Amino acid sequence: SLQGARLPLSETRAQVAQQRASALACIRRGASQSLALSLPAALAQGRGKRLDVEDQVLIRLALGEGEEALALLERAAAPGAAPLLVGGSNLYAEVLVARASAIQGGDPASALSLLERALHLEPSRDRSLSAHVHNLQSRLAG
């Protein structure tokens, strides 16, 4: 019977990477609360009940808990460690973008600062974030 069979480590890693990338794509599109609540089970599937920092951060982002996601990343950061990547994206930059989106109405200067930090960490996001940056700059200048 194959029910108890485990996937080779390389296949498990590839599956986990795909699950995380899919979750991030949903979060970027404005994931629903129900998706956020289903993420823990989906991300832990095939790995027992263990959720890594990346998983916990994705769950917090889906729930709209950017401050908590940021705190998780800051606690997990080791000096000189490589950035945590999900789907090729810097997870810290993703959290900064989410925080900027959450506060842009009430504090455009802080939101702009967060977006600029995110772009510094992940210049590849310039195209997708340039309109947001320009809007915030215009609001501050006007």
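Predicted model: local features only at pLDDT ≥ 70, side-chain atom pairs only at ≥ 80, totals over all residues.
Residues are numbered from 1 along each chain as its sequence is written, and side-chain values use heavy atoms, with hydrogens and water left out. Local features need pLDDT of at least 70 and side-chain atom pairs count only at pLDDT 80 or more, while totals for chains, interfaces and linings use all residues.

**The overall layout**

The protein has seven helices and two strands. Helices here are DSSP runs of H or I with at least four residues, strands are runs of E with at least two, and both are numbered from the N terminus. Reading from the N terminus, the order is α-α-α-α-β-β-α-α-α. Of the 142 residues, 34% count as buried; buried means under 20% relative accessible area, exposed means over 50%, and partly exposed is in between, using a 1.4 Å probe and protein chains only. Take the contacts (heavy atoms within 4.5 Å) between residues at least 6 apart in sequence: 53% of them join residues at least 24 apart.

**Helix 3**

Helix 3 spans residues 53–62 and is mostly covered, with seven of its ten residues buried. Those are Glu-54, Asp-55, Val-57, Leu-58, Ile-59, Leu-61 and Ala-62. After helix 3 comes Gly-64, with a positive phi near 80°.

**Helix 5**

Helix 5 covers residues 91–103, so 13 residues, and runs 19 Å from first C-alpha to last, close to the 18 Å expected at 1.5 Å a residue. That expected span is 1.5 Å times one less than the number of residues. At its N-terminal end sits a cap: a side-chain oxygen of Asn-90 lies 2.8 Å from the backbone nitrogen of Tyr-92.

Leaving aside residues up to four places away in sequence, Arg-99 touches Gly-66, Glu-67 and Leu-114.

Two packed helices are described by the angle between their axes and the distance between the axes. Axes are lines fitted to C-alpha atoms, for helices over the stretch in contact, and angles run from 0 to 180 degrees between N-to-C directions.

| Helix pair | Angle between axes | Axis distance |
|---|---|---|
| Helix 5 and helix 6 | about 160° | 8 Å |
| Helix 6 and helix 7 | roughly 155° | within 10 Å |

Where do helix 5 and helix 6 meet? On the helix 5 side, the residues include Tyr-92, Leu-96 and Ala-100, and among those in helix 6 are Ala-111, Leu-114 and Leu-115. Between helix 6 and helix 7, the residues that meet include Leu-112, Leu-115 and Leu-119 from helix 6, with Leu-129, Val-133 and Leu-136 among those from helix 7.

**The loop glycine**

Gly-105 is in the loop between helix 5 and helix 6 and is exposed, with a relative accessible area of 60%. Gly-105 and Leu-136 are 31 residues apart in sequence, but their C-alpha atoms are 9.5 Å apart in space.

How values were computed. Polar contact = N/O pair within 3.5 Å; in protein donor to acceptor, adjacent residues only side chain to side chain.
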